[in-house]
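Please look through the model below before reading on. The paragraphs after it lead from one part of the fold to the next.

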Amino acid sequence: MTTFTIQDDFILDGQPVKLISGALHYFRIVPEYWQDRLEKLKNMGCNCVETYIPWNYHEPKKGQFDFTGRKDVARFVRLAQALGLWVILRPTPYICAEWEFGGLPAWLLADDSMRVRSTYQPYLDAIDAYYAELFPVIRPLFFTHGGPVLMCQIENEYGSFGNDKNYLKAVKRLMEKHGCDVPMFTSDGGWREVLDAGTLLNEGVLPTTNFGSRTDEQIGALRQFMNDNQIQGPLMCMEFWIGWFNNWGSPLKTRDAHEAAGELEAMLKQGSVNIYMFHGGTNPEFYNGCSYHNGMDPQITSYDYAAPLTEWGTEADKYAAFREVIAKFHAFTPVPLSTPIQFQGIGELTCTNRVSLFNTLSSLTQPIATDIPQPMEKLGQGYGYILYRAHVGKARELAKAKLADCDDRAQIFVNQKLIATQYKETMGSNIPLTLDHPSDNVIDILVENLGRINYGASLVSPHQRKGIKGGFMLDLHFHTGWQQYCLELNNVEQVDFTQDYQSGVPAFYEFVVEIDEPADMFLNLCGWGKGCAFINGENLGRFWDIGPTHYLYIPAPLFNKGKNTVILFETEGRSGSVSLDDHPFIDQPDTND
């Protein structure tokens with residue numbers, strides 16, 4: 001049986017080993033391509049793969065767990081083992097990872113007193129219940145049980161959030177309670193303050209650090225910290241950032257391959273490394289995270305990360321540059337690629353059906369009635385959209401109406417005509433209303449959750465609860481009496497295209513395409529406004545005309561041989577062309593970044 005200990009070096013089966021790992025998130029890749037991406041990782045020279053395990057992905061509703069299909073983390077790890085790769089698992093409650101709420105489940109926020117990443121007992125109880133389901137899945141994968149998993153992380157960059165050692169100890173104890181018997185580690189930024197705050201001394205937990213530049217300086221800070229605290233162990237950069245994530249409306253970020261390769265070589269001269277990301281993949285469904293840069297700043301569907309492998313799995317310029325560096329530190333034998341992958345374009349699609357949201361609403365969801373409008377989490381909804389509806393009586397002119405405390409983006413309709421769209425700095429501004437129906441004026445407010453903040457102090461911000469949290473004011477008073485339609489859009493096959501279409505309002509559009517042989521394609525969306533897209537019921541993620549991306553990547557396994565149905569949900573009342581191409585439509589990258 002394999003042995004692995006942490007001494008002055010990582011000791012694997014009695015011999016020092018330099019871990020050269022690449023980050024590869026199973027939850028951002030279709031399972032049919034796990035093998036291909038792992039083979040390409042091995043062929044770049046890596047001997048290890050690292051992945052987070054996002055809690056909200058496996059328990060999207062409280063008490064409802066799923067470790068099957070795309071969520072079958074055990075299968076992913078076994079594939080790595082079959083290729084001779086070691087594995088680093090990060091089953092922490094919080095992962096960051098530019099993932100919705102940093103991997104924390106939205107349903108936690110139904111508790112008004114919830115304090116995540118703390119010793120708040122209901123939070124710890126929720127972790128306990130999650131680990132009771134998770135560890136029976138991953139424990140057989142540990143090297144202590146014949147698997148490839150060498151280490152597990154107990155928290156992620158906690159020193160950039162808090163310094164509560166009791167919380168870190170509580171997570172460690174819960175992992176041990178549920179069977180974690182492999183070495184544990186923390187990872188934090190490369191400076192003293194966060195290392196002091198985020199590590200566990202005298203607990204046998206290895207501190208590691210995260211950075212992407214100034215290698216000698218930052219790994220030197222970790223070395224000094226370990227020496228000062230008499231911590232035995234090797235130096236490791238657990239997240240060696242070789243690119244960066246992207247936000248809607250900002251230029252695409254890039255990084256020079258040779259500059260990044262130089263930093264990688266400097267790191268490997270001093271210790272072990274996990275390249276973040278080796279292959280980023282895609283933020284599926286509504287799981288993209290959100291930054292907070294003087295306001296909400298949601299991240300795009302692509303998680304390409306300027307990585308050695310592109311979002312769609314082809315070699316980028318860093319791949320060869322990194323392989324050349326890694327070859328200086330150990331010999332490796334490439335394996336043949338076993339998954340045939342082809343790209344194909346079939347051109348523009350013709351719209352076969354369309355229907356307005358208002359006219360198919362009843363086929364998708366049933367309203368929940370309350371006097372005061374409720375946020376998503378109180379209604380048992382985690383992601384997507386929510387439509388608030390109120391009947392406000394007779395015809396009249398109102399000088400002002402106002403949304404009070406609403407997140408993230410709201411469209412206000414009177415009698416199914418768009419009156420205003422509010423987002424960021426315009427959210428909560430006064431709106432004049434003309435109520436023009438003689439007796440029954442209807443206000444609809446469509447609110448989109450653009451993604452919860454995944455990092456920093458704003459992780460505990462009131463902005464994390466989505467939808468209307470204060471109310472809607474007519475003149476100076478709150479209106480009471482609301483119907484709320486939860487639209488997680490996990491049932492688009494129920495869209496009723498026999499109903500009427502109206503221009504200028506949110507609507508669904510259907511495209512049917514016959515495919516002889518499925519291949520990888522890009523759904524390019526020129527002229528469309530904002531929304532999300534589905535292929536055969538699978539949510540591909542969001543699109544937005546502000547860029548920098550104007551496509552959604554569709555891997556071949558999501559297509560059927562024969563008939564395929566593409567559905568767009570577009571919220572701005574705009575439509576353009578839809579094409580399936582062999583290349584993506586992307587804005588010019590920012591080459592100065």
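Predicted model: local features only at pLDDT ≥ 70, side-chain atom pairs only at ≥ 80, totals over all residues.

Residues are numbered from 1 along each chain as its sequence is written, and side-chain values use heavy atoms, with hydrogens and water left out.

Helices (H or I, at least four residues) and strands (E, at least two) are DSSP runs, numbered from the N terminus. Strand S9 (residues 205-211) is largely enclosed by the rest of the structure, because seven of its seven residues are buried, that is, under 20% relative accessible area with a 1.4 Å probe and protein chains only. In a regular strand the side chains alternate between the two faces of the sheet. In S9, Val205, Pro207, Thr209 and Phe211 point one way, whereas Leu206, Thr208 and Asn210 point the other way.

Two strands pair if DSSP finds at least two bridges between them. Strand S8 (residues 184-189) runs parallel to S9 and is joined to it by six bridges, with Gly189 having Asn210 as its bridge partner. S9 also pairs in the parallel sense with strand S10 (residues 236-241), over three bridges, and there the partner of Asn210 is Glu239. Helix H6 (residues 192-198) lies in a right-handed β-α-β unit with S8 and S9, and helix H7 (residues 215-228) in another such right-handed unit with S9 and S10; right-handed means that, with the strands pointing away from the viewer, the path from the first strand over the helix to the second runs clockwise.

Elsewhere, four strands form an open antiparallel sheet in the order S21-S18-S23-S24. Its edge strands, S21 (431-435) and S24 (477-478), each pair on one side only.

The largest nonpolar core has 165 residues, and Leu38, Tyr123 and Leu489 are among those with the most contacts inside it; such a core is a set of buried Ala, Val, Leu, Ile, Met, Phe, Trp, Tyr and Cys residues joined through side-chain atoms within 4.5 Å. Helix H4 (residues 121-138) gives the most to this core, with nine residues.

Finally, Glu39 in helix H1 (residues 34-43) is buried yet has no salt bridge, the nearest side chain of opposite charge, Lys40, being 7.6 Å away; a salt bridge is a side-chain nitrogen of Lys or Arg within 4 Å of a carboxyl oxygen of Asp or Glu.

Note on methods:
Buried < 20%, exposed > 50% of the residue type's maximum accessible area, 1.4 Å probe, protein only. Lys, Arg positive; Asp, Glu negative; His and termini not counted.
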